[in-house]
Amino acid sequence: MQALIAWVNTALSNISETNTKPVHTLLDLSDSVALIQICETILGSKSPTKCWHEVGTNRIRKIDNATLLISLIKKLGIRMNFGPQDITDCNEKQMMALVWSVVKRASVAGASAPAGARVKGQIDL
């Protein structure tokens, strides 16, 4: 689990326009902000449908962010069988599966490039 959290922090540090606090536990991901920023970077564009709440302190905003995160995950081609409540409630097993799927997708985006070239959405590790 600590390796996944370390990857999230590394990915966030490589995104220039992020001002997200470092992630210490899976509970820190329950507002979905960090994962939305990472998914938008992998996709190479901001979410066109709607904005996300930077400060997801209340449950409604967290669920709204999680719903947007799930739509971004579907755009990445990742199939998940859980809902926004699982992210907001920080279901540990589901969150680890989600982060691992994003890690694999980011690795594939970076691995498909020739040596030394940057790919849209590539996150350096």
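**A buried serine and its surroundings**

Let me begin with Ser32, which lies in the loop between H1 and H2; helices here are DSSP runs of H or I with at least four residues, strands are runs of E with at least two, and both are numbered from the N terminus. Before I continue, please note that this is a predicted model, in which local features need pLDDT of at least 70, side-chain atom pairs count only at pLDDT 80 or more, and totals for chains, interfaces and linings use all residues. Residues are numbered from 1 along each chain as its sequence is written, and side-chain values use heavy atoms, with hydrogens and water left out.

Ser32 is not a glycine, yet it has a positive phi of about 70 degrees. Is Ser32 buried or exposed? Ser32 is buried, at a relative accessible area of 0%; buried means under 20%, exposed over 50%, and partly exposed in between, with a 1.4 Å probe and protein chains only.

Cys90 also deserves mention: it is a non-glycine residue with a positive phi, of about 55 degrees. Cys90 sits in the loop between helix H4 (84–88) and H5, and it counts as buried at 15% relative accessibility.

Turning to the chain as a whole, it has five helices and zero strands. Of its 125 residues, 44% are buried. Contact means heavy atoms within 4.5 Å, and among contacts between residues at least 6 apart in sequence, 56% join residues at least 24 apart.

Now to the packing. Two packed helices are described by the angle between their axes and the distance between the axes. Axes are lines fitted to C-alpha atoms, for helices over the stretch in contact, and angles run from 0 to 180 degrees between N-to-C directions.

The axes of helix H1 (residues 2–14) and helix H2 (residues 33–43) come within 10 Å and cross at roughly 60 degrees. H1 and H2 are therefore oblique to each other; under 35 degrees counts as roughly parallel, over 145 as roughly antiparallel, 65 to 115 as roughly perpendicular, and the rest as oblique. Trp7, Val8, Ala11 and Leu12 of H1 make this contact with Ala34, Gln37 and Ile38 of H2. By class, six of these residues are nonpolar, one is polar and none is charged; Ala, Val, Leu, Ile, Met, Phe, Trp, Tyr, Cys and Pro count as nonpolar, Asp, Glu, Lys and Arg as charged, and the others, Gly among them, as polar.

How do H2 and H3 pack, and at what angle? Their axes are 10 Å apart, at an angle of about 25 degrees, and the two helices are therefore roughly parallel. On the H2 side, the residues in contact include Leu35, Cys39 and Glu40, and on the H3 side they include Asn65, Leu69 and Lys75. That contact divides into nine nonpolar, one polar and two charged residues.

Not counting residues up to four places away in sequence, Leu29 touches Val8, Val23, Ala34, Leu35, Ile87, Met95 and Val99. Thank you.
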